[in-house]
Amino acid sequence: MNRATAKHLIERYFQQLTEGCGNGNCTNEFCASCCDFRPLDNNSAAAKALELFKINAKLCPHPSKRESYPDSSAEENTQLDNKMSDMDLSPNKEDISDVHYLTENTVCMILSSCEEEGDYSALIRIIGKVFSNSEALVKSFRKDEPNRTKNLDSFTPTDDKQSEQPSEKMGASSAASLPDESPTEMLDPCEVTVDINAVRRVYDKLLSIEQVEAALVNALVYLTPNMELDLDYLDVYETNPDYLNIFIIVMENSNLHSPEYLEVAMPQFCKAMSKLPVTALARLSKLWSSYGLRHIRRIMETFQQLITFTVISNDYDGENLVNDDETVVAATQCLKVVFYASILGGEVDVEHNEEDEDDSESDELTLHELLGEERLYKKGPRVDPLEKELGVRPVDCIKPLIPFEDFINESVNDVVEMDKDFTFFKVNAETKFSFQSCPFILNVITKNQGLYYDNRIRMYSERRLTALYSMVQGQQPNPYLKLKVRRDHIIDDALVRLEMISMENPSDLKKQLFVEFEGEQGVDEGGVSKEFFQLVLEEIFNLDIGMFTYDDDTKLFWFNSSSLETEAQYTLIGIVLGLAIYNNCILDVHFPMVVYRKLLGKRGTYLDLSDSHPALYQSLKRLLEYTGNVEEDMTLTFQISHTDLFGNPILYDLKEQGDQIPVTKENRQEFVDLYAEYILNKSMERQFRAFKKGFLMVTNESPLKYLFRPEEVELLICGSRKLDFEALEKTTEYDGGYSKDSQVIKDFWETIHSFGEEQKRLFLQFTTGTDRAPVGGLGKLKMIIAKNGSDTDRLPTSHTCFNALLLPEYSSKEKLKERLLKAITYAKGFGML
């Protein structure tokens, strides 16, 4: 039995289960007309139809076709026609009843006829018939069949009846491919057989008629269950790639965001679309990328509105997760297609990729594998199938068609439970949907929660492994990454210890960090680590050491290509950045964005010079835009010069014998590209490779690269530069007898709000251990102000580990301000109170 015959039989079983055979005395237990039959919904009926086909169950005779009478109302006719798409039409409309698919001219002629008569019932029936039938829709609005269009325009039924005969014998899926087109003939993935402009013009005419809108909704409701069946069990797209036409035509409807569609039609449609194979989704994404901003934004907003509409219409909790909502999941997967279309339609650089260092896989079983935990600790980031099919990643995007922020759905972020979502992401990815598999829909705060769970689980796992090793070897367990450093020799001590750990047992870097300053009593609950990071960075970024250069205009650091420091120093910086992310600490680091792009696998290009070396960027930009004689006026060659650590000039040939090659109008783009390649990649390759190596020692098994874009990685490491103290005031909690109405608390906030930017940063540093806001802003910082005795001359103190300020009840606002300023200005070191 061929595939078409099988599909035809399954459809017969489906019709029998949903509508019956029409015989009131039917005894077939698998027929809806049987008195003992229990009604099924469409999804259950589809699954049952497949089962009945497999066992060759009894099939009732075809029900007699129902009729639609001329005196029926338009609304009744619409319902009937949408229930059975192949039913007979009104006897006085014989010519129209032979239209089995649509063209723009066909619609215009029927519409013109209906307008003359003042009755749209014929148009409604035709729309209902075609739009509820996958075979008819696949063959509609073709741009490559002028003969077919001509026949339809003249309403000659002969040719259409001939084309319909094979349909009855072959079934819908094979008939849908009647215009013979094998998949191999479609050379261009963006090339489709639908005349998209014609579809848009048709919708412009139809959507102005209210009754037609209802017919389109009903038709889509009837169409989608059959599409799910086609895609689930019959691999219809592989048989006929033109099946994609259905999704292209439906998504051109500009009213899909309206409630009539969002309630029933669009949820079912998205479920069907999510079942398309990856090759089909990739074609759809490439096609949509060519549409232009207005159309692709409309499609994006349709899926976003469906997600939001569904989320706010339901109540989710620990038992009823948003991850289990089929509509939200399907719409999110459809939104992913638009997300990649936005990337493809924007500015993309799929070249200039850093070579990943190959991790040699050992044949020996790890302890994680022996414990059955290998799924939790897979190396490297996962690759999205659609991303792989398209050959483009979010990090390749220079500027998307639609800003990345517009794909974030806040209603989903409000209800997703990241602890459970993380479990689905790491363990049950095959059976459960995780929103982390579609990270574009999550904001950086939510993704940071997922990263936090990943980091904590790794810490606990390393703690367990350490305990197991110590039991076997009879040694004292060491569950933490302990660093004991001297404040005045912090770089030497940290470098020696971390270098030793990275060589002997790199997995120790994934333990929870525990820092102790020699000779100080502070216990590290987070605050000591914060100061450790700060002091290490102050030392390493000291210009006297010469590891980095500093641009006074941009306030940014860059790798010193002529630095005399060893690679180990740069590895230490990479480890420190990785440890900061791993231990949820904010660092005062000032790198241009290209550094974070390079950490995620991209090489620097000419455009990256705009924020790392703005003066050079402007010079090269003027060279590219120069309209005069480049060779004579600029007198440049492919040899460049720059200064070393001691101010001595260094000459470098961008090409062999570069001093002999003049820069001309023809080769200036090559000159610019080679110049940028040297400055951003080659000149500091040794330093950056060591830096990245240290960073990956901590983060190589983290989902960081999969979840976050470069600008979000910067936010994770550096925190937000925006300080909203109004938000901090709203979220601050009080203890020890204070409340927001206490006079000293009112004086305190008035004082804080009167501070300048630098004083506010000093206060934040004093209270939290960093002068940056965490991911999400100061409103996400849970600060506590506790009463520390009555009026006194003692200074305020803080527990940076807990973001707690211990504030005495000063007698006046002036005294509070004087004591507070002194405390935040001269604070350094840890002691026990």
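**Chatting through a predicted model**

Q: What's in the chain, how many helices and strands?
A: The chain has 38 helices and 12 strands, and please keep in mind that this is a predicted model.

Q: How many residues is that, and what share counts as buried?
A: The chain has 833 residues, and 52% of them count as buried. As for the surface, the chain exposes about 39,000 Å², of which carbon and sulfur atoms supply 48%.

Q: And what share of the contacts is between residues 24 or more positions apart?
A: If you take the contacts with a separation of 6 or more, residues 24 or more positions apart account for 74% of them.

Q: Let's zoom in on strand S12, which strands does it pair with?
A: Strand S12, residues 804–807, is covered on both faces, and strand S10, residues 784–787, pairs with S12 in the parallel sense over four bridges. Strand S11, residues 797–799, pairs with S12 in the antiparallel sense, over three bridges.

Q: Which residues sit across from each other there?
A: Ala 786 has Leu 806 of S12 as its bridge partner, while His 799 stands opposite Ala 804 in S12.

Q: Which side chains of S12 are on which side?
A: Ala 804 and Leu 806 are on one side, Leu 805 and Leu 807 are on the other, and all four are buried. In a regular strand, side chains alternate between the two faces of the sheet.

Q: Why does Cys 801 count as partly exposed?
A: The relative accessibility of Cys 801 is 23%, so Cys 801 counts as partly exposed, given that buried means under 20% and exposed means over 50%.

Q: Which residues of H17 are buried, and what covers them?
A: Among the buried residues of H17 are Ile 296, Ile 299, Met 300, Phe 303, Leu 306, Ile 307, Thr 310 and Val 311. An α-helix has 3.6 residues a turn, so residues three or four places apart point the same way. The cover over the buried residues of H17 includes helices H11 (196–206), H15 (259–274), H16 (278–289), H18 (326–345) and H21 (410–415).

Methods. Residues numbered from 1 in each chain as written. Predicted model: local features only at pLDDT ≥ 70, side-chain atom pairs only at ≥ 80, totals over all residues. Heavy atoms only, no water. Buried < 20%, exposed > 50% of the residue type's maximum accessible area, 1.4 Å probe, protein only. Helix = DSSP H or I, 4+ residues; strand = E, 2+ residues; numbered from the N terminus. Pairing = 2+ DSSP bridges. Contact = heavy atoms within 4.5 Å. Areas by Shrake-Rupley, 256 points an atom, 1.4 Å probe, with all protein chains shown as cover.
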